[in-house]
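Trainee: I'm new to this one, and I'd like to know how the labels get decided. Can we go through it together?

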Amino acid sequence: MQSFIQSLPKAELHLHIEGTLEPELMFQLAHRNGIPLPYPSVEALRAAYDFDDLQSFLDLYYQGADVLRTEQDFYDLTWAYLQRCAEQNVVHVEIFFDPQTHTDRGIEFEVVLNGIHRALEAGRTKLGISSFLILCFLRHLSEESAFATLQQALPHKDKIIGIGLDSSELGHPPAKFERVFAEARNAGFELVAHAGEEGPPEYIWEALQRLKVARIDHGVRCQEDPELVLELEQRQTPLTVCPLSNLKLKVIDRMEDHNLLWLLEQGLLVTINADDPAYFGGYLLENYVACVEALDLSKEQVRQLAANGFKASFLSETDKARWLTVVATSL
Ligand code: ADE
Ligand code: ZN
């Protein structure tokens with residue numbers, strides 16, 4: 001089964017590039033930039049990755065991102081992730097970045113964007129990995145800050161396919177960003193939003209009806225509202241589910257309790273993703289393996305999940321069809 005998962009071409013649709021910052025690279029960049037870290041070693045840092053909930057993770061995640069200062073830092077971060085993708089036969093990625101995390105500490109928007117973009121171009125030419133970039137607004141910040149960030153993105157529409165919404169979910173419902181999402185939609189961006197990770201089903205309804213998103217990131221709490229499950233099934237709105245993330249952030253207690261298979265059986269367009277792999281103990285392959293082991297998924301269910309990754313992507317219909325044929329014929 002592991003070699004079957006390895007050999008399947010896979011797409012990743014829910015990945016925060018800042019969440020791929022491995023402790024080793026964090027120490028390297030801290031040293032290069034002359035930044036002291038509050039941990040004596042890589043091991044001590046890794047040992048601190050023991051989270052109670054989303055917020056306890058976010059506190060460390062934003063602190064870790066402080067070592068990212070130069071365009072080269074963002075290039076190195078993204079290139080390291082793409083090399084992992086190549087090893088795991090991840091052939092298409094749609095990755096998030098959080099510009100406000102960086103611009104709020106004085107890093108230029110273009111430093112962040114150009115470093116990531118240059119690495120994605122190298123991934124395309126040197127590794128054959130196709131990619132799109134999605135800018136996420138931090139939902140714990142104001143609507144005004146999101147509008148200012150959208151303004152910074154407009155001259156770079158050729159490099160950014162979509163707009164998303166992440167960070168602390170509880171207390172920051174999607175409706176807070178209805179107007180800025182409307183402006184992003186008018187500017188021609190694709191739209192996605194985190195909803196129903198820790199937040200209630202109502203947040204998923206809001207993301208669908210008020211933000212008009214094409215995909216829901218996480219969405220696992222939809223199960224609490226049968227009408228919502230039906231709506232997601234009828235619309236075939238993709239859910240970008242992140243199993244190891246849900247386990248590490250205590251959305252579930254045990255992987256055996258994950259509702260991924262239940263959602264798949266309801267006919268929802270469920271995909272498997274890594275979220276913040278450096279913090280949650282696994283990249284895309286490890287997420288698939290964890291689900292197979294805990295939920296006893298069949299080979300055909302794994303194939304379905306891999307196919308869903310391409311169906312739910314922003315690739316052209318031609319590119320989707322090409323990958324779906326490879327997935328369908330993988331042995
Ligand atoms: N930012 C990075 N990872 C996140 C997650 N799982 N939920 C919300 N915001 C995030
Ligand atoms: Zn996420």
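Trainee: Which residue in β4 is the bridge partner of leucine 138?

Mentor: Aspartate 166. Keep in mind that we're looking at a predicted model.

Trainee: What makes β3 and β4 a pair?

Mentor: Two strands need at least two bridges to pair. Strand β3 (residues 130–138) and β4 have five bridges, in the parallel sense, so they count as paired. Between them the chain passes through helix α8 (residues 143–153), and that β-α-β crossover is right-handed.

Trainee: How do you know that β4 and β5 pair?

Mentor: By the cut-off of at least two bridges. β4 and strand β5 (residues 190–195) have two, again parallel, so they pair. One link to look at is isoleucine 163, whose bridge partner in β5 is leucine 191.

Trainee: Why is β4 called largely enclosed?

Mentor: Buried means under 20% relative accessible area. Five of the five residues of β4 (residues 162–166) are buried, so the rest of the structure largely encloses this strand. Both faces are covered: Gly162, Gly164 and Asp166 on one side, Ile163 and Leu165 on the other.

Trainee: Now the metal. Which residues coordinate the zinc ion (ligand 2)?

Mentor: His14, His16, His194 and Asp275, at 2.0 to 2.3 Å.

Notes. Residues are numbered from 1 along each chain as its sequence is written. Chains are lettered from A and ligands numbered from 1 in the order in which they are written. This is a predicted model: local features need pLDDT of at least 70, side-chain atom pairs count only at pLDDT 80 or more; totals for chains, interfaces and linings use all residues. Side-chain values use heavy atoms; hydrogens and water are left out. Donors are N, O and S atoms within 2.8 Å of the metal (3.2 Å for Na, K and Ca); water is not among the atoms, so sites may look incomplete. Buried means under 20% relative accessible area, exposed over 50%, partly exposed in between (1.4 Å probe, protein chains only). Helices (H or I, at least four residues) and strands (E, at least two) are DSSP runs, numbered from the N terminus. A crossover is right-handed if, with the strands pointing away from the viewer, the path from the first strand over the helix to the second runs clockwise.
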